[in-house]
Amino acid sequence: MITLNVNGEAKEVDVDPATPILWVVRENLKMTGTKFGCGVALCGACTVHLDGKPVRSCSTPVSEADGKAITTIEGLAEEDGTFSKVQQAWVDQQVAQCGYCQSGQIMSATALLKNNPNPTDEQIDAAMAGNICRCGTYVRIRKAIKTAAGMSSETQEA
Amino acid sequence: MTDTKTSETAPKKGKWTRRAFIGAGVVAGGALVIGVAVRPDNPVERLSPMVARGKGEQLINAWVKVDADNIVTAIIPHVEMGQGVFTSLAQMLADELDADWSKVRILEAPADAKYVSHDIGREFLAPNLEVPAILEPTVGGTFLQLATAMNLQITGGSFSVRGTGQRAMRVAGAAAKEMLIAAAAEEWNVPAGELRAENSMILHDKSSKSAPFADFAAAAAEQGLPNKPKLKSPKDYKLMGKAMARHDIPEKSNGTALFGIDADLPGMKYAAVKAAPVVGATVESMNVDTAKSMPGVLQILNMGDFIAVVADGYWQAQQALGTIDAKYSKTEGDTLNQDALFARYASVLDEAGDEGGDVETEQGDVTEAFANAATKVEAEYKVPFLAHATMEPMNCTAWVRDGKCDVWSGHQAPLMARKAAADTLGIDTDDVTYHNAYLGGGFGRRSENDAIIMATRIAKATQYPVKMIWSREEDTMQDHYRPSATSRFQAGLDKDGNAVSWSNIHTHLFDPQEAPTVPYYNIANHKIRKIDVPTHLRFGPWRSVDHSQHGYFIESFVDELAHAAGKDGYAYRRELLAGSKRHLAVLDKAAEMSGWDKPLPEGHGRGIAFVPSFGTIVAEVAEVDMTGAKPKVKKIYVAADPGFAVNPDGFAAQMESSIAYGLTATLYGEISVKNGAVQQSNFHDYPILRINEMPEVEVGIINGDHKRLGGAGEPGLPPLAPAVTNAIFAATGKRVRELPLSKVDFA
């Protein structure tokens, strides 16, 4: 048995420690918001946070999560379901199309804004270049990240 | 409606069905449901068991139900793969119904023959058919029969809004409104003409009476279906033409949206698969010594054309599959290599000469016009195979037991998927229940049945529900590809540079038939021919289908003609389009948006391209920076006339999306064959455009004909590649005649 901290909750799973976090989260914990895209850390669809840092869960064994906090897309909203600033910006800018990559996009954007609340265009592109969107929602992802950044500054002013 | 037996034989997992999400508003209450008027009878009785099972829900016709809380549900016979069709079709229905948009819900129609739309059949089989109003019911009935026979419940061809939306959703909404008003008129004992609908209420202004739709739902369903419900004129639209927020975006922003790959059943196992690398080959032998004793492994199956490992978890299945060493049979395809294939295209085209091949369209005398031309221009273009690379790899979950089967996936044609599963098992279609989910990208790939058939075969060989997931490698190597092609042109110009002859011969023609033709350009003599060069590789529709090749071929060549005539690409196309006001308006708008005549920095170039496709006219201007080692596409200006944009923001999103999809193909897209097998396998060797390469996009929409709408999902793509390569020519003088650009040396 491995004990994991997922979205603030302790979860026990009986898996091979080499199993990638992706499959543990999806199959053992039945949290399917994190997606399988390429299996080799090339597309970012599986992005989750380990202690707040974005990692590709398809290529990160669950053993690496020992003693660390895993955050998935399901853990971003408030308990009452209120969207995080980044999620709300995604809705406001009508980002998602097929939506399959968007969990990973939102996880990467959330990590970016945590470290850099007002990123430049170049910083956005650099931080998000690991996440492929086949529907090409990139124009709106840029806008949404700026919206989310603006929202945080407004909140501070208020 | 009272409780009825569920047609779902699988155990219900509250989590799975999207009905749970929609059901929140409709589970309790009284509901009403509505069918398309041209149907001979109101199918409410037959359909309610499938779509209005909630207590008190009332189906008014096939496509609308109303519940006791006055929630209106639009039943959509198309699948959502990111194109926003759930929302735009619901907008069309709700607008005609005068429903309160905040209380409109969406339900995907079940994969059942009763939900085949004759309008889908009609749009697919005879898109340009015009029939007198008096014959509409007959024609509608014929197409319904045809569509049912062909299991047409398909989403593709950019047909949904212009076909189903215009002919079914709007009609159903208008019919439901007339039925509700008729029911209210009876109840209140006033003439129907004194009643109107607004925000899901029926109002009688004279007496200031008003009541919600729900009060009349049951009585409305008893009304006869109106023969020709009156549709609104554009000045009365309240929802159509507005940028309504998409219904599916919130659940796609918090991880709760369910895709085919998210299917979950009690006792479910997982299958990893590897198909023979050369299509057509079979597994002759496999060494499973290591795999069979690996943890979690339950079954290792030689399925002939592929190997499947079934295990407790997908990763376990994949790990075991990776250890299997297999030998495959020899096939004729084994010797095929990409260079040889292009050489074969060339020799076939050489052999065809001036007269060979199949004539697709011919007018005037190209031979004479070309012989007498003042200037002669010739060029050959090539494009490679392309994979779809949907972000959600192909997958399907199936459970076969007791002579019945349940199938879960995301498919562009749920009824075809259902039939494919039934045929695979040799059972009746009625014994297969197909459950569709969101599609993690479609682009044509999910109109194929291969994954459905494979999963059904695996499930038949096991005793439990099995979720089969393809690796990215399988997804890349086992696609139904956009064909590679070669196209040759000859054109003659008169002394003023006007094109007087246009001759083209190209390999392959798949769909749409008009893709290689240029009827909108004023060229007196033209002849267009094709030659099929079959290979063992599987072809399939790829976003914009043949327009993806021919848009590039045609618009590159037009640019070459402009250059030969000493004119710029915009001015030259204006002359070719002279007299076509709608076409010119689109071309002019793109040029105007881009500031066509304004100077650009040194080493930068602008290119223009114009392609009408899927009923929508599109012109694009690309701005490209050629000062670096490779082309940098800075900005794309898109002008488009889809007739009428039902959801302008959704339409713009489809243009942005087509540009990203098209730019991936332009910059990198290449699937090549070696010894019969596809060489690319994952995103390292089949790269997809990333955010740092995404140009700015500006979209201008012209609503040029509200009566005949065009599509949104595909028409933005065909002009992209030639706009970019024409811009490269403008900046460097280098003409790109073969894609992708990654193969071109710009040093």
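**Chain B, overall**

I started with the secondary structure of chain B and counted 19 helices and 27 strands. Helices here are DSSP runs of H or I with at least four residues, strands are runs of E with at least two, and both are numbered from the N terminus. I am working with a predicted model, in which local features need pLDDT of at least 70, side-chain atom pairs count only at pLDDT 80 or more, and totals for chains, interfaces and linings use all residues. Residues are numbered from 1 along each chain as its sequence is written, while chains are lettered from A and ligands numbered from 1 in the order in which they are written.

Next I checked confidence. Chain B averages a pLDDT (the predictor's confidence in each residue, from 0 to 100) of 89, and 89% of the residues score at least 70. Residues 1-40 of chain B are below 50, yet this stretch has 131 contacts in the model beyond near neighbours in sequence. A contact means two C-beta atoms, placed from the backbone, within 7 Å. For the complex, I noted an ipTM of 0.96 and a pTM of 0.92 from the predictor.

I then looked at burial: 58% of the 747 residues in chain B are buried. Buried means 20 or more other C-beta atoms within 10 Å of a residue's own, exposed means 12 or fewer, and partly exposed is in between, with C-beta atoms placed from the backbone.

**The five-stranded sheet**

I traced an open sheet in chain B with the strand order 13-21-20-19-14 and mixed pairing. Two strands pair if DSSP finds at least two bridges between them. Strand 13 (358-363) and strand 14 (375-383) of chain B are the edges, each pairing on one side only. Neighbouring strands are turned by 10° against each other on average, direction ignored. Strand 13 of chain B runs antiparallel to strand 21 (residues 525-531) of chain B, with five bridges joining them. Val359(B) stands opposite Arg529(B) of strand 21.

What does helix 15 of chain B lie across? I found strand 14, strand 19 (485-493) and strand 20 (499-507) of chain B, with the helix running at about 150° to strand 14. Axes are lines fitted to C-alpha atoms, for helices over the stretch in contact, and angles run from 0 to 180 degrees between N-to-C directions.

I also followed helix 15 (residues 547-565) to helix 16 (residues 569-576) of chain B: their axes come within 9 Å and cross at roughly 105°. The two helices are therefore roughly perpendicular, a label for angles of 65 to 115 degrees. Among the residues making this contact are Val558(B) and Leu561(B) of helix 15 and Tyr572(B) of helix 16.

**The hairpin**

I moved on to strand 22 (residues 604-613) of chain B, where nine of the ten residues are buried, so this strand is largely enclosed by the rest of the structure. Ten bridges join strand 22 to strand 23 (residues 616-625) of chain B, and the two run antiparallel. Arg606(B) has Glu623(B) as its bridge partner in strand 23. Two residues sit between the strands of this hairpin, and Phe614(B) takes a positive phi near 50° there.

**Chain A against chain B**

Last, I checked the interface: 44 residues of chain A are in contact with 50 residues of chain B. Helix 3 (102-115) and helix 5 (138-157) are among the helices of chain A that each supply at least two residues to that side.

Methods. Parallel < 35°, antiparallel > 145°, perpendicular 65-115°, else oblique.
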